Amino acid sequence: MSFAIDPALLAALWRERHPSGPPVAHTFRTRYADRWVRFHSLPGSKRYPESEDEYAIVLDRYNTILDELFTGTDVFVVTMDWSDTPTGPAGYPTPRQTLHPGGIRWWTESDQDDPDPEFHTHTRLYADRRRWNRGCVDGLLRAVADEALVEVFIADGELRRIHHPYDGGADVILATPGERDGVRDRHTDWLSSHPAGL
């Protein structure tokens, strides 16, 4: 069950906590590199699940980290679409509305740098607030694992901890480098062998 949010208050909280930039999930890894860790969703860093057993592993890994971050708290669940106009239809079909029906539009990030209006894009973020319970976002997580949804993230009510699942894993931003190290060290088998942790 999701609870009503005030988009203006949520936007103000984001700006207070994260003055370095907008809530666009793919930028978190570089903007918060000192508090970031990446976990892979499947053994051997396999990208996409191909069986129900593999989906079970993916969901278990996502939910294990989410439980560590959010058990006993409320979270913001954020989904995204984009359009070539601020209020126009989504630029591509996704199951976002079906999987996140309680999401209220709270942020539009417009890119109008190109002089040609045909190349302007408007990233629109939708959020709801709900009590964290294991499995409460499994539909979204499964769609992310299939790359049917992108730019999804889950954050605590103070926007200090962020879990950004993507197809193949999750980028996790913790409140401090020490907290990041603790979470990372509990799940070393899920880390990449890449020297940069990718």
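**Close-up 1. Strand S3 (residues 74-83) pairs with S6 in the antiparallel sense, over four bridges.** Two strands pair if DSSP finds at least two bridges between them. Strands (E, at least two residues) and helices (H or I, at least four) are DSSP runs, numbered from the N terminus. Val77 has Ile154 as its bridge partner in S6. This is a predicted model: local features need pLDDT of at least 70, side-chain atom pairs count only at pLDDT 80 or more, and totals for chains, interfaces and linings use all residues. Residues are numbered from 1 along each chain as its sequence is written, and side-chain values use heavy atoms, leaving out hydrogens and water.

**Close-up 2. S6 also pairs with strand S7 (residues 162-166), antiparallel, over two bridges.** Ile154 has His163 as its bridge partner in S7. Five residues lie between the strands of this hairpin, where Leu159 takes a positive phi near 60°. From S6 (residues 153-156), Phe153 and Ala155 point one way. Ile154 and Asp156 point the other way, and all are buried. Buried means under 20% relative accessible area, exposed over 50%, and partly exposed in between (1.4 Å probe, protein chains only).

**Close-up 3. Arg180 sits in helix H6 (residues 177-186).** Arg180 counts as buried because its relative accessibility is 13%. Not counting residues up to four places away in sequence, Arg180 touches Ala33, Asp34, Arg35, Trp36, Val37 and Leu174. Contact means heavy atoms within 4.5 Å.

**Close-up 4. Ile104 belongs to strand S4 (residues 104-111).** At 32% relative accessibility, Ile104 counts as partly exposed. Neighbours within four places in sequence aside, its contacts are Ile5, Pro7, Leu125, Tyr126 and Ala127.
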